[in-house]
Each structure stands twice: as C-alpha cells, then as structure tokens.
Amino acid sequence: MFVSGDGRVLKNPAERAALRSAGLHGFILAPAYQKTPMNQVASVLVWRWPEILQITRLLAPPSMHEVPINKGTRLRALPM
C-alpha cells in the first residue's frame with residue numbers, strides 16, 4: 001500500500017503502468033491537502049485508517065482511491 005499527495009502519478013502513463021505492475025493499493029490525497037497543516041492531514045488519515053484497511057481487504061490489488069479531506073465524504077475509486 002502507498003499514500004501519496006502527488007495526483008500527477010495518474011497522468012503519467014509510465015508511472016501508472018509501474019503502479020499497476022507493482023500490484024499495490026494506492027491512496028492519493030485530494031488536492032485540498034496541499035494547503036492543509038500537517039497535523040490536520042495526519043488527523044484525517046488516522047480517522048480514515050479503518051476505511052483504508054477495509055478497502056485493502058475487500059479489493060484485489062492493484063487499486064487506486066482518492067482520500068477526500070472532508071470526513072463525511074467517502075473514498076473515491078480512481079482509474080488505474
């Protein structure tokens with residue numbers, strides 16, 4: 001599993017291919033995280049951790065999801 005704040009990995013075909021071949025679950029932080037203090041980013045990730053683990057148990061890798069900053073919003077599946 002990996003967590004990244006760089007959503008550009010999804011726009012680069014070579015990086016997408018590398019992520020698919022690595023067979024990992026990826027979680028991309030929504031763009032709103034870039035202007036968010038680090039302690040709040042950590043808080044949201046801890047809050048979301050059970051949901052992140054559930055996705056890794058239910059879905060076969062590779063998969064990619066966006067982690068929204070709002071706690072009431074669900075993780076969004078992204079195309080691999």
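Q: Which strand has five of its five residues buried and is largely enclosed by the rest of the structure?
A: This is a predicted model, where local features need pLDDT of at least 70, side-chain atom pairs count only at pLDDT 80 or more, and totals for chains, interfaces and linings use all residues. Residues are numbered from 1 along each chain as its sequence is written, and side-chain values use heavy atoms, with hydrogens and water left out. His25, Phe27 and Leu29 sit on one side, Gly26 and Ile28 on the other, and all are buried (under 20% relative accessible area; exposed is over 50%, partly exposed in between, with a 1.4 Å probe and protein chains only). Five of five residues are buried, so the largely enclosed strand is E2.

Q: How confident is the predictor in the protein chain, as a mean pLDDT?
A: pLDDT is the predictor's confidence in each residue, from 0 to 100. Confidence is lowest in H1, at a mean of 89, and highest in H2, at 95. In the chain, 100% of the residues reach 70 or more, and the mean pLDDT is 92.

Q: In what order do the four strands line up in the open sheet?
A: Helices (H or I, at least four residues) and strands (E, at least two) are DSSP runs numbered from the N terminus, and two strands pair if DSSP finds at least two bridges between them. With mixed pairing, the order is E1-E2-E3-E4.

Q: Which residue of E4 stands opposite histidine 65?
A: Histidine 65 belongs to E3, where Ser63, His65 and Val67 point one way, Met64 and Glu66 the other, and all are buried. Phenylalanine 27 stands opposite histidine 65. Over in E4, the residue opposite histidine 65 is alanine 77.

Q: What is the handedness of the crossover from E2 through H2 to E3?
A: A crossover is called right-handed if, with the strands pointing away from the viewer, the path from the first strand over the helix to the second runs clockwise. The β-α-β crossover from E2 through H2 to E3 is left-handed.

Q: Is threonine 36 buried or exposed?
A: Threonine 36 is found in the loop between E2 and H2. Not counting residues up to four places away in sequence, threonine 36 touches Val41 and Ile69, where contact means heavy atoms within 4.5 Å. At 17% relative accessibility, threonine 36 counts as buried.
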